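Visitor: I'd like a close look at just one part of this model, please. Take your time with it.

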Amino acid sequence: MIVLHTTEGGSWPDYSGGSVAPNFTVKGGQVRQHFAANESSRALVNKSGGVQTNTLNVIQIELVGTCEKGGPGLYWPNASDADLKPLADLVRWLTQQYPIPLVSTSKPWLAYPSSYGSKNGQRMNFAEWTNFRGICGHQHVPENDHGDPGNFPIDRLIALVKGGKPAPSKPSSGIVALSAGVRPGARHPQVKDLQQLLIKAGYGPIKGAVTDYYGVNTQAAVARFHDRNPKYKSIGLIRDPRIGPSGFVALQKLAGRR
């Protein structure tokens, strides 16, 4: 079988020196190989006394990016056909070399965070896992609790592997709302997204980025955004270091998010 993961980061991971590495990592148009395709890799929890996960003839593929809206790197549930092509080429080769059926698990590919844990019916039991053949995600593997790769576009991937043109689908918006916890002086996971957007839209550099801390350097970048886009500035403030909900939406669009 093939198990898909997302790295929840925007750059090549080091996998703790290889101790938690998959067989392959895909980033942009590049593929890196860490173990032979027919060799057990290490990216799954494999508890003693249960079922085999890493060692059950599993080819594991990590996708650099995220399954969470607003997370770092490519948001894989919204991946375009161009984004999926390197993965499709790899899966096509793997299914030609090994007896892996080009089918998805019948379990749902849930959006994160509903995909986390085992309460929403997406996780296979031991027997289902042992008997499964095809493509699934980390969220489907027993003995594990991770929810990646979320509501991954598995049907479009399979269509691309087969060489057919996938049915057109209405793209969902990549624009996300601003969390109330994102404010100067605070720590919040979405601050990383804010910093990346500011840099991409030309309001950087931000010394010390990327981090979850909304410090003085992030505040200065936000103030630069407001100086060039004063309609999003709080009335009466000469220097506005706080990104507001409407300003955050505008910043995402300026950074190319749709």
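How many of the five residues of β1 are buried, and what does that say about how the rest of the structure sits around β1?

Guide: Keep in mind that this is a predicted model. In β1, five of the five residues are buried, so the strand is largely enclosed by the rest of the structure. Let's go through the side chains, then the neighbours.

In a regular strand the side chains alternate between the two faces of the sheet. Here, Ile 2, Leu 4 and Thr 6 point one way from β1, while Val 3 and His 5 point the other way, and all of them are buried.

Zoom out and you get an open sheet of five strands, ordered β3-β2-β4-β1-β5, with mixed pairing. The edges belong to β3 and β5, each of which has a single partner strand, so one side of each is left without a neighbour in the sheet. From one strand to the next, the twist averages 25 degrees. On from β4, the next link is to β2: these two run parallel and are joined by three bridges, with Thr 25 taking Glu 62 of β4 as its bridge partner.

Then there's the helix. α2 lies across β1, β2, β3, β4 and β5, running at about 175 degrees to β4. α2 covers residues 81-97, which makes 17 residues, and spans 23 Å from its first C-alpha to its last, close to the 24 Å expected. There's a bend of about 30 degrees at Leu 87, and Leu 87 is itself among the buried residues of α2, along with Leu 84, Pro 86, Ala 88, Leu 90, Val 91, Leu 94 and Thr 95. What covers those buried residues includes β1, together with β2, β3, β4, β5 and α4 (154-162).

One last stop, in the loop between β3 and β4, where you'll find Thr 53. Thr 53 is buried too, with a relative accessible area of 0%. A polar atom of the Thr 53 side chain lies 2.8 Å from the backbone oxygen of Val 45. Beyond its neighbours within four places in sequence, Thr 53 is in contact with residues including Leu 44, Val 58, Trp 129 and Pro 142.

Definitions and conventions
Residues are numbered from 1 along each chain as its sequence is written. This is a predicted model: local features need pLDDT of at least 70, side-chain atom pairs count only at pLDDT 80 or more; totals for chains, interfaces and linings use all residues. Side-chain values use heavy atoms; hydrogens and water are left out. Helices (H or I, at least four residues) and strands (E, at least two) are DSSP runs, numbered from the N terminus. Buried means under 20% relative accessible area, exposed over 50%, partly exposed in between (1.4 Å probe, protein chains only). A polar contact is a pair of N or O atoms within 3.5 Å; within protein, one must be able to donate a hydrogen and the other to accept it, and residues adjacent in sequence count only if both atoms are side-chain atoms. Contact means heavy atoms within 4.5 Å. The expected span of a helix is 1.5 Å times one less than its number of residues. The bend at a residue is the angle between axes fitted to the seven residues ending there and the seven starting there. Two strands pair if DSSP finds at least two bridges between them. Axes are lines fitted to C-alpha atoms, for helices over the stretch in contact, and angles run from 0 to 180 degrees between N-to-C directions.
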